[in-house]
Every structure is written in C-alpha cells, then in structure tokens.
Amino acid sequence: MVHIERLADLKPVHQRQAAVLALWRWRAPMLAFELDAEWGIDRAALDSLFQLAASPAGEQSDRAFRRAVAELCTAPLFTSEVDPDTVQLFQLETISSLLTFGELLDKPGADVAERVVEGSAGLANYLDSLVEGSLYPHPSEEAHHEYLANLANLTDRAGEGYFASRNFAVESAGHGALRGLPDSAGLLDSSTGCELLALCEDFGEELVTTMRWLRATGH
C-alpha cells in the first residue's frame, strides 16, 4: 500500500508527527459538536490531548499525555454501552485514535502510526459513503465533482470519493514536508508544522460543514 510505504520511509519522529497530523484533521469535528453529557468527558480535556500530541516529543510532554489519557479513561464512556448517532460515531472513532496515539509513545514504529493514519482515511471514506447514500444533494456537490474530475486527470486515484481524496492530498503534503523538520521540533513550535496543522484545520472545517449538513438532513 502506498500509505505504508510512504510512512515507513519517514524517521520515527516524523512517523509520530504524521500520526499527529492525521489526528488534527479530525480535531475540528471532534470539538465543533457537543459531547454526550453521559460520556463524562470534558471537551477542554480532549483539546489538551491534541495540543500535547503536537508538542515536541520528550519525556515531559509524553508523561503529560499519558496522564491525560489515564484520566480520560476513567470517564463513564468507557464503562457503559453507547448508541451513537452519526456525528457521535466520528467523535468516538477520533477518541479511539487519540488512545492509539498514546500507544505510539510507548511503542514507536510505523505500524502503530499507520493505525492512526489509516483511521483518518477510514473516517473520510465513511463520510463519503454517507454523503453518497443521502437522499439530499450535497450543497457543494458540483464543486466536489469538479475537484474529482481535475484530480482524475492528474493521478491514478480515480474512483475515490471527495473526502477520501482530500484526506489523501493533505496527508501526502504532510508526509513530504515532515522530512524537512528538525527531529527536535514539534508541530506547534515551527513555521512548517503550523502550516501543516493549518492545512489539516482547513480540511477539518470542511468535515464539520458536511457533518452539520448530515445532522440537519436527519441522517
């Protein structure tokens, strides 16, 4: 697979940062919607996990992330049955990816990082399926079709949906730029890292808009 080969070519520190970028693409959808009160999870605590993940790797930030994860896992969410709606399903999958990132701190390697990266791709594919299965036309349907038509002329990734294609484009841009980052740099304390996070945030806002549309149309 292209994703695995490309990720495996990166240094371990950059594999970790690639996983952070994959998480960051779903930060806006995670935080834009209210969390189910019965989950017992504070939105600020989740945002703190994103911020810690994007901080420079080191004993202090890793310890803080582990501590935050341990506290998160005491929430009622992890001991009760959940029947999520569409938006909540995306939130739960993103929380799962944050926990997987925690595993990466103890076991650095392309395999764990890949699980986070593939998690982002899987959610993008799922969102495409929801849009395609909707009885209502997407508000940006024409623009999405134009994007995919132009993409088909440039790559061999024909057949993918809009969000899967956009996710891959943002992912590829990130992997290419990470090679130029110093090993000691975090994404939040370097201009290149901040640009990559902004790219992920732009994509995340597109996801939020579509998820709001799905909820409004009663999916």
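This is a predicted model: local features need pLDDT of at least 70, side-chain atom pairs count only at pLDDT 80 or more; totals for chains, interfaces and linings use all residues.
Q: Which residues have the most contacts inside the largest nonpolar core?

A: The general idea comes first: in soluble globular proteins, nonpolar side chains tend to be buried together. In this model the largest nonpolar core holds 61 residues, and Ile-41, Leu-46, Phe-65, Phe-101, Phe-163 and Leu-187 have the most contacts inside it. Helices 2, 3, 4, 5, 6, 7, 9 and 10 each give two or more residues to this core.

Q: What is Ile-41 in contact with, leaving aside its neighbours within four places in sequence?

A: Sequence neighbours set aside, Ile-41 touches Leu-35, Leu-46, Leu-72, Ala-75, Leu-77, Phe-78 and Ile-95. Leu-46 is itself among the core residues with the most contacts.

Q: Is Gln-88 buried or exposed?

A: The cut-off for buried is under 20% relative accessible area. Gln-88 counts as buried because its relative accessibility is 13%. You'll find Gln-88 in helix 6, which spans residues 86–106. Beyond four places in sequence, its contacts are Asp-36, Trp-39 and Asp-83.

Q: How many residues line the largest pocket, and which are closest to its centre?

A: The space in the largest pocket comes to about 210 Å³. Its lining has 13 residues, with Val-131, Glu-132, Glu-141, His-144 and His-145 closest to the centre. By type, the lining splits into 6 nonpolar, 4 polar and 3 charged residues.

Q: Which helix gives the most to that lining?

A: That's helix 8, with 4 residues. Helix 7 (110–133), helix 8 (141–152) and helix 9 (162–178) each supply at least two.

Conventions
Residues are numbered from 1 along each chain as its sequence is written. Side-chain values use heavy atoms; hydrogens and water are left out. Buried means under 20% relative accessible area, exposed over 50%, partly exposed in between (1.4 Å probe, protein chains only). Contact means heavy atoms within 4.5 Å. On a 1 Å grid over the protein atoms alone, a cavity is a set of points where a 1.4 Å probe fits but cannot get out, and a pocket is an open set with protein on both sides within 12 Å along at least five of seven lines; lining residues have an atom within 4 Å of a point. Grid points are joined across faces, edges and corners, and a volume is the space filled by probe spheres set on the points. Ala, Val, Leu, Ile, Met, Phe, Trp, Tyr, Cys and Pro count as nonpolar, Asp, Glu, Lys and Arg as charged, and the others, Gly among them, as polar. A nonpolar core is a set of buried Ala, Val, Leu, Ile, Met, Phe, Trp, Tyr and Cys residues joined through side-chain atoms within 4.5 Å.
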